[in-house]
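Dear colleague,

I am handing over the structure below for your reference.

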Amino acid sequence: MSEPSIVFDNVSRFYGEVLGVNRVNLSIPPGITSLVGPNGSGKTTLMNLMTGLIRPTRGAIRVLGLPLERPEEVFRRVGYCTQFDTFPKGLTGYEFIYSFLLMHGMVAAEAHKLTLQALDSVSMTEAADRLVAAYSKGMRQRIKLAQAMAHGPSVLVLDEPLNGLDPMARAETITLFQKWGAEGRHVIVSSHVLHEVDRISDQVILLSHGYVVAEGEIQGVRSEVKDQPMQILVRCDKPGMLAARLFERDHVVEAKIHADGKGVLVRTRDADSLYLLLNRIVMESGLEIEAVAPADDDVNSVYQYLIGPEGGAA
Amino acid sequence: MAVYKQSYRGYDGPLTPTWSRFLILPRYAFEEMRRSRFFTIFYLVSMAAPLIFGLTIYVEHNLTVLKMLQPGRNSLIAIDAHYFLNLLGWQSMMAFFLAAFVGPGQISPDLANNALPLYLARPFSRAEYVAGKMSVLLILMSIMTWIPGLLLFGLQGYLEGGGWTGKNLQIASAIFLGAWIWILLISLLALALSAWVKWKPMAGALLFGVFFVAAGFGGAINGILRTHWGQLLNISHLIGRVWVSMFDQPMQRGSGAVFFRVGRYEEIPIWCCWAALLAICGLCLYMLERKIRGAEVVR
């Protein structure tokens with residue numbers, strides 16, 4: 001059985017003296033993986049590497065167990081939707097998908113069937129016979145997604161796929177990604193919209209200046225960031241009392257009454273000790289706790305901690 | 001069930017042969033060209049010369065018409081190697097204008113708009129991409145050059161009879177090979193320049209520049225240095241000289257095809273012409289190899 005992951009083994013890519021990515025070791029499992037990082041961090045280079053469009057200067061890449069030296073087999077399993085809004089001139093939406101399926105080697109009848117399926121999956125059937133040049137930005141984005149997935153790839157590499165989509169189309173597209181991810185495909189997405197990345201990703205890869213600064217499930221990544229105290233929101237009936245008790249502990253850096261007065265936002269260096277402490281306070285003082293939830297284990301917070309607000313390494 | 005416990009099975013149905021896939025590219029390019037009125041008119045006009053040449057062959061073999069046109073004469077024009085060489089010259093010049101019009105639009109828009117990943121992130125190599133784009137020019141120029149040339153050769157052989165075809169097979173092979181050399185040369189030039197400058201009008205202008213300005217520059221070198229080696233920069237001289245040798249024509253002042261005349265005493269050795277043409281093709285292939293990349297590196 002083939003290896004189910006996309007594996008980067010100590011991969012570096014330099015453009016002359018300019019660094020693209022450096023010493024990347026990754027194993028990307030099926031599901032939705034988001035590439036997050038500021039402009040120039042190496043997201044597109046990583047995507048071009050895994051789609052075989054560029055070769056690593058050093059190291060090796062295997063896509064589902066296949067080395068990139070076997071492009072015929074690799075490209076059959078990979079679908080790439082680039083960030084560029086480019087289409088061959090004079091083609092309708094149908095012709096755009098159909099012609100590229102023929103290029104994949106599909107026979108005409110099969111290409112026709114797959115084209116209709118792809119158009120249907122992105123809700124573009126009605127606009128199929130219109131010229132792509134006459135499409136709105138959102139429609140062009142959807143037809144690009146359709147051509148990337150029409151040949152039934154196991155790996156979908158999507159560079160900024162949510163750009164230009166209106167909220168309704170965004171929601172539909174995200175649902176589509178989740179469906180593809182749930183089918184066991186690799187859906188690799190780069191995006192700048194961090195709250196959406198948070199919503200859709202099974203795992204994230206954070207990049208900065210060509211280096212992978214973190215990877216994995218976002219909660220796991222957050223718990224590894226030891227130098228930044230965890231933020232935990234405790235919803236309770238006596239926030240003032242709770243804040244006072246928490247301040248007695250060394251590991252609590254900050255305890256702030258929530259704006260609505262119904263909870264405390266705690267920053268702690270030791271989340272486990274905090275949870276034990278909460279149990280004790282409940283037992284001792286009869287505090288009623290409604291909810292306890294981490295407040296900074298999202299992509300946005302991890303991005304701020306690891307990469308910084310300006311996109312430079314924190 | 002956890003996501004990673006599932007595995008997706010991609011398409012595993014029948015596939016078309018790999019060698020045929022590059023032909024998808026010309027299919028849509030022709031569609032696009034068909035919509036251009038200028039192109040349609042130009043293409044129709046380019047067929048006027050073969051029609052006239054064909055009429056001449058017909059008249060030459062029709063005594064009634066011949067006597068009506070030129071009473072007292074049995075022949076209007078000699079249908080020989082020189083005749084077909086002129087047809088090739090005329091049509092090759094039309095093919096050059098076609099390459100300048102169609103060629104730059106093949107690659108430059110894809111490069112300028114970062115569209116190459118669209119083609120190359122699939123089981124489709126760079127060589128197939130270039131072959132696909134080039135086949136547009138090859139097909140169009142073949143219809144303009146060697147196909148009418150061979151049809152007229154066949155017509156002449158049929159009307160002349162008496163083993164004319166057998167005795168003149170060298171003309172047929174010269175039409176075919178001579179046209180192909182020219183077609184390949186200007187196709188490669190058009191694509192390479194189009195890939196290099198990425199701007200359609202500039203690529204078209206550059207093609208004219210390479211053809212005419214370089215010839216002028218070569219002429220200036222000849223004049224200043226009192227040599228003939230400047231002809232190495234003159235593509236029409238190089239191809240004209242090769243054609244003359246292929247058609248086995250004697251070298252005399254003004255010999256060769258129309259637009260591609262080679263003056264006696266100006267010629268350079270035939271092997272130098274071949275070498276120069278090969279060098280131009282090699283340079284074009286190098287330029288294409290450098291520029292046709294799935295992801296362009298911008299430093």
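How many helices and strands does chain B have? Chain B has 14 helices and 2 strands, where helices (H or I, at least four residues) and strands (E, at least two) are DSSP runs numbered from the N terminus.

Please note that this is a predicted model, in which local features need pLDDT of at least 70, side-chain atom pairs count only at pLDDT 80 or more, and totals for chains, interfaces and linings use all residues. Residues are numbered from 1 along each chain as its sequence is written, while chains are lettered from A and ligands numbered from 1 in the order in which they are written.

The C-alpha trace of chain B spans about 100 × 50 × 35 Å along its principal axes. Of the 299 residues in chain B, 39% are buried (20 or more other C-beta atoms within 10 Å of the residue's own, all placed from the backbone).

Between the chains, 43 residues of chain A are in contact with 33 residues of chain B (C-beta atoms, placed from the backbone, within 7 Å). Helix H3 (93-104) of chain A is among the elements that give two or more residues to this side of chain A.

In H3(A), 10 of the 12 residues are buried, including Phe96(A) and Leu101(A). Their cover includes helix H4 (108-121) and helix H5 (137-149) of chain A, together with helix H1 (24-34) of chain B. Just after H3(A), Gly105(A) has a positive phi of about 100°.

Yours sincerely

Key. Two residues are in contact if their C-beta atoms, placed from the backbone, lie within 7 Å.
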